[in-house]
Amino acid sequence: MARRIPLPILLWSGLGLFACALFGRKLAVQWSGLQSGEVVDLDRVILVYGLLPRAAVALLAGAALGLSGLLLQRILRNPLAEPSTLGISAGAQLALGLATLYVPSIVERSSTAVAFAGGLVAVALILALTWRRGLEPVSVVLAGMMVALTANAAGAALILANGDYLFSLFIWGGGSLVQQGWDPAIAIGWRLALGLGAAVLLMRPLAILGLDDVAARGLGLSLNASRFLLIALAVWLAATVVAEVGIIGFVGLAAPVLATLSGARSLKQKLVAAPLIGAVLLWLTDGLVQLAAGAGGERVPTGAATALLGGPLLLWLLPRLRLFEWPSLDRPAHTPKRVARPWLRIAVLGAAGIVTLAIALLLGRGLQGWSLASDGEMLADLVAWRLPRVIVAATCGGMLAAAGVVIQRVTSNPLASPEVLGIGAGAGAGLAAVLLFAGSAGLGWQLAGSSTGALVTLTVILVIAARGNLGPERLLFAGIAMNALCSAVLAAVVALGNAQSYRLLGWLTGSTIQATFLEASVAAIGLVLITVPLLVAARWLAILPLGAGTALSVGLSVRLARNTLILIAAFASALAAQFVGPLSFAGLIAPHLARMMGLDRTRPQLAGAVILGALLMMVSDWLSRMLFFPYQLPVGLFASLLGGVYLTLLLGRGVERRG
Amino acid sequence: MSFRRDGHLACLSGSPSLDRRAFLALAASALLPRLASAAQPRIAIIDWGLLETALAIGVVPAAATELRQFARIAVEPAIPASVVDLGLRGSPNYELLRMLAPDLILISGFYEYQRPSLERIAPVLALPIYEAGRPPYPLAQSSLLALGERTGRGADADRYAAETGAELEERRLALRRFASRPAFLISLGDARHFRAFGADSMPGDVLARLGITNAWHDDTSYSAAAPVGIEALARVPEASIIVLAPLPAEVSRGLPDNALWNALPAVREGRVAVLEPVNHFGGLPSARRFARLLADAVAREPNHG
């Protein structure tokens, strides 16, 4: 009896054949060039050292990423874990960029080792950040995203500060598969073989780690040792790919998920299916990229193209993904004592804000060192420069903080922050479109472009959220997917390496340097328009975190309240992103800080967070102006570095409490 | 009295009817260069191409951007120590600029977005060198002349433009044998990709002026095209390859082992010239530097041509 071949296998074979056909076409074009004497030799070289290794690298890198993603998803029990969502790729790339600049000899010796170190640091940071939350999936992915964003911003600042030298980072960032030899294929190949071997050997622990901790411990498994071993293996595979060809997004995410959806049930089946599917996916994408390439080069690097395909795929998958039942995302167990007179504390904070403002306006550096501007005309002129920047920074910090309070309360997720909804990146994609179509677009057009981008992003997220009646986690996942998609668009534009790329890089790192009084007034009005309604709607913010049942019982339309609040938060993040870039963790940190100061009730927390956000951004702006005078660094970068330090501190306290 | 603002006008109209006052003015400008420069506006320059152009005609700006990087990438001319570093080109330090209080700020189209901020400090003069799809040499030359006009160095500017033209002509003759083949003009960002300089880049424009056919015919934008895989260099097997430094460490390490690179006819036959860095977005001084470096490299290598 002839058994029917299952549909998914047919599908994947079909796609594989299609990729084969694309490759065959490329080969045919190459062979048709074999005519005159000297050219034959060169064409053979292009075939042997160009086309063939490129196909091999596509297949091997795809398989390596598929395996890496499978291991990470399994170990972390997180369907969205993969090298790029966990910031492993970004960390590896940043390490390569830093090493290229400051210790080129190490990169020359082993770029893979450098990338591995960077990836390990990234993943260690994420595990550390989310350890006391039991590596709960949403937190892990959010932390990964933060690490990735910060690493990308730092990378962008490196390019900006070093001009033409780092143009190779443009290419790495996009992940180009162009090959001129077999070394990368061999490097990825033997590591993939080792990785597969190790995965098969560790099959039993891997299978058990997919269960919950208690079961795993009951089976006598040294939980953490095997976990770390397997994570290191996954990082090693991903870092090799980054070192050899650059960041290739989404293959690591899509391959294991698609394997599951294609009917791979057992771990053994998945270990076969995920790498195979990853290989087919990347080969196919690369074939399409080559097909679309003109004589002037490939329009989009393959690594960015995978993200363009993968982002929508992720959005489509979202309602279909089975999320593990996870202990609900409660507020951290310890809550600082609520203060008796919160408004007194807020007044003190406000006074601190005013002092900071005065310092930011008056104290600066000049050719003759530090100076406190005091004489009339110069003071007026300097303040005229500093005031718009400081106001833009402060109000954007305040808006982000307000958005952060809202998002954290609506999603009941203390790790949520406005950047996470992808609205900042959406604004960037809109800005990129405007710059591409009209290179010298004025501020008005740029604002229009970024607002449109932000609104479109927001609408997509809300539509998806409404359709699937998504809970808080899936809403955030949708945000992450949009963020990744928009970041890929930005990466593709940046990879073009032209004047617009430079403008976008500047925006990505978050700069207040061009701030004008017009922008300052827009931002200030925005802050008022956003904060006042929130203070009025404080009741919603107080009730929503208590759960849908409670909300319904007090007569609150959950959907209306939630959507309105999200809309306000999104507008706040969009406006702030236009002026200070997509990155600054003011929206994450400020609500936390406010709560730690005992401002727990809604209105005091909101007011406190807004002031703290403004403070944070004013300090970041001042530091960015002063530290490397006369060179100025982007304020967003400073804010996110401060945010990273804060997160690490947060973790330290958590561990101590447990230990 | 226009010649008083521009002492060289007398020089240009140096006819037998040279009157006494003009003669004195000429003498003053020759004997007392400090006096002449005191009459010059204090200038701040954001754009590197204009920076080298200004220095070429003896205008020393009060401030300019990214001087450390300039010394590494553009190399020449040496920047006098009196010039204050304003920070990154993309984000110059406006506060510092305000404290320096220049009389005039020079930008190019690249920095047009900074104009509103800069105009609060001093009048802004935008002198275009690069515009998409246009060869930059004529633009650079007219910018040079306009700058000379504005700073009272019209004669120096005229002379510099003429010298540049003459030098290019001289190099063109010297490079006649080399010009029998087309050439790729590229920079290498990593060991796998290059960017080609087309006719709308300064080195590409100069290449054409030296009588050398650019082997790269596809579109480039004036910031050089998107990176292309090295195998694209095989499309014109008879072409020579001119590489503009700097070479990243990865390239120096990876390129000698790159089988495809080594298989290129130009590489096998030693028709590759690696030149010292040249400012990719320079003015006429960069044009001269590029022509000189190329002629020197070709003169050193018997295989070229």
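In helix H25(A), the buried residues are A:Ala586, A:Gly587, A:Leu588, A:Ile589, A:Ala590, A:Pro591, A:His592, A:Leu593, A:Ala594 and A:Arg595. That is 10 of the 11 residues in this helix, which spans residues 586-596 of chain A, so call H25(A) mostly covered. Just past its end, A:Gly598 takes a positive phi of about 90°. Keep in mind that this is a predicted model.

Now over to chain B. Its secondary structure comes to 15 helices and 10 strands. Of the 305 residues in chain B, 52% are buried. Take the chain B contacts between residues at least 6 apart in sequence: 62% of them join residues at least 24 apart.

Next, the sheet. Five strands of chain B make an open sheet with parallel pairing, and the order across it is E3-E2-E1-E4-E5. E3(B) and E5(B) sit at the edges, each pairing on one side only. In general, strands of a sheet pair through backbone hydrogen bonds, either parallel or antiparallel. Here are the five strands by residue range:

| Strand | Residues |
|---|---|
| E1(B) | residues 43-45 |
| E2(B) | residues 63-64 |
| E3(B) | residues 84-85 |
| E4(B) | residues 104-107 |
| E5(B) | residues 124-126 |

E1(B) and E2(B) run parallel and are joined by 2 bridges. If you want to find that pairing in the structure, look for B:Ile45, whose bridge partner in E2(B) is B:Ala64. Helix H5 of chain B, residues 48-56, packs on the sheet and touches E1, E2 and E4. The direction of H5(B) makes about 140° with that of E1(B).

Then there's a helix pair in chain B. Two packed helices are described by the angle between their axes and the distance between the axes. For H10(B) (residues 154-174) and H15(B) (residues 284-300), the axes come within 10 Å and cross at roughly 20°. An angle under 35 degrees counts as roughly parallel, and H10(B) and H15(B) are therefore roughly parallel to each other. Their crossing is left-handed.

Which residues make the contact? From H10(B) come B:Tyr160, B:Ala161, B:Thr164, B:Glu167, B:Leu168, B:Arg171 and B:Ala174. H15(B) brings B:Leu284, B:Ala287, B:Arg288, B:Ala291 and B:Ala295. Sorted by class, the contact between H10(B) and H15(B) has 8 nonpolar, 1 polar and 3 charged residues. As for the spacing, an α-helix has 3.6 residues a turn, so residues three or four places apart point the same way.

Note on methods. Residues numbered from 1 in each chain as written. Chains lettered and ligands numbered in written order. Predicted model: local features only at pLDDT ≥ 70, side-chain atom pairs only at ≥ 80, totals over all residues. Axes fitted to C-alpha atoms, helices over the stretch in contact; angles between N-to-C directions. Helix = DSSP H or I, 4+ residues; strand = E, 2+ residues; numbered from the N terminus. Parallel < 35°, antiparallel > 145°, perpendicular 65-115°, else oblique. Left-handed = near helix turned anticlockwise from the far one by under 90°. Contact = placed C-beta atoms within 7 Å. Nonpolar A, V, L, I, M, F, W, Y, C, P; charged D, E, K, R; others polar. Pairing = 2+ DSSP bridges. Buried ≥ 20, exposed ≤ 12 C-beta atoms within 10 Å, placed from the backbone.
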